[in-house]
Amino acid sequence: MAKKRVPAIEGWFTLDESAPQLVGSRCTSCSAVFFPRESAFCRNPACAGREFEDAPLGRRGRLWSATDNRYAPPAPYVSTDPFEPYAIAAVELEREKMVVLGQVVPGVAARDLEVGQEMELVLGTLYEDAESEYVVWKWKPAAGGARSE
């Protein structure tokens, strides 16, 4: 029997396998967009807004920076045992002009990536238990995603 796929962090992204999206917030006063979501106050220092609407974010962006994580993060992160290093990418979303961190898909190390190349948001397993597969967003090099000069 297949395990139920559930988000590791509820409400931060959609579970659409073919086109997952991060979900941020847009201030209804100044139109500033934030990720992760905001519900208390506008993060724009020039705005006193306190009302927000969901803002689906772009699925593609350009690699801003990347590194390999070689040490197990502390709890509540659930690591493999033994710990397996993985790459982390900072990707600038073009439309939103914001940088979003995330793991890179397995099999791709930081040395395989090049600043400026196009990256795409996908879903991947963070960990599993007896009943569920806990899913997060990850970055992968986009098919045909050329490096920008």
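Reader: How far apart are the mean positions of the positive and negative charges of the protein?

Author: Lys and Arg count as positive and Asp and Glu as negative, while His and the chain ends are not counted. The place of a charge is NZ of Lys, CZ of Arg, CG of Asp or CD of Glu. In this protein, the mean positions of the 17 positive and 22 negative charges are 3 Å apart. The model is predicted: local features need pLDDT of at least 70, side-chain atom pairs count only at pLDDT 80 or more, and totals for chains, interfaces and linings use all residues. Residues are numbered from 1 along each chain as its sequence is written, and side-chain values use heavy atoms, without hydrogens and water.

Reader: How many helices and strands does the protein have?

Author: Both are DSSP runs numbered from the N terminus: helices are H or I of at least four residues, strands E of at least two. Here there are zero helices and nine strands.

Reader: What is the strand order in the open sheet of three strands?

Author: Two strands pair if DSSP finds at least two bridges between them. The order is S3-S2-S4, with antiparallel pairing. S3 (33-34) and S4 (52-56) are at the edges with a single partner strand each, so one side of each has no neighbour in the sheet. S2 (residues 23-27) pairs with S4 over five bridges, and Cys-27 has Phe-52 of S4 as its bridge partner.

Reader: What share of the residues counts as buried?

Author: Buried means under 20% relative accessible area, exposed over 50%, and partly exposed in between, with a 1.4 Å probe and protein chains only. Of the 149 residues, 40% count as buried.
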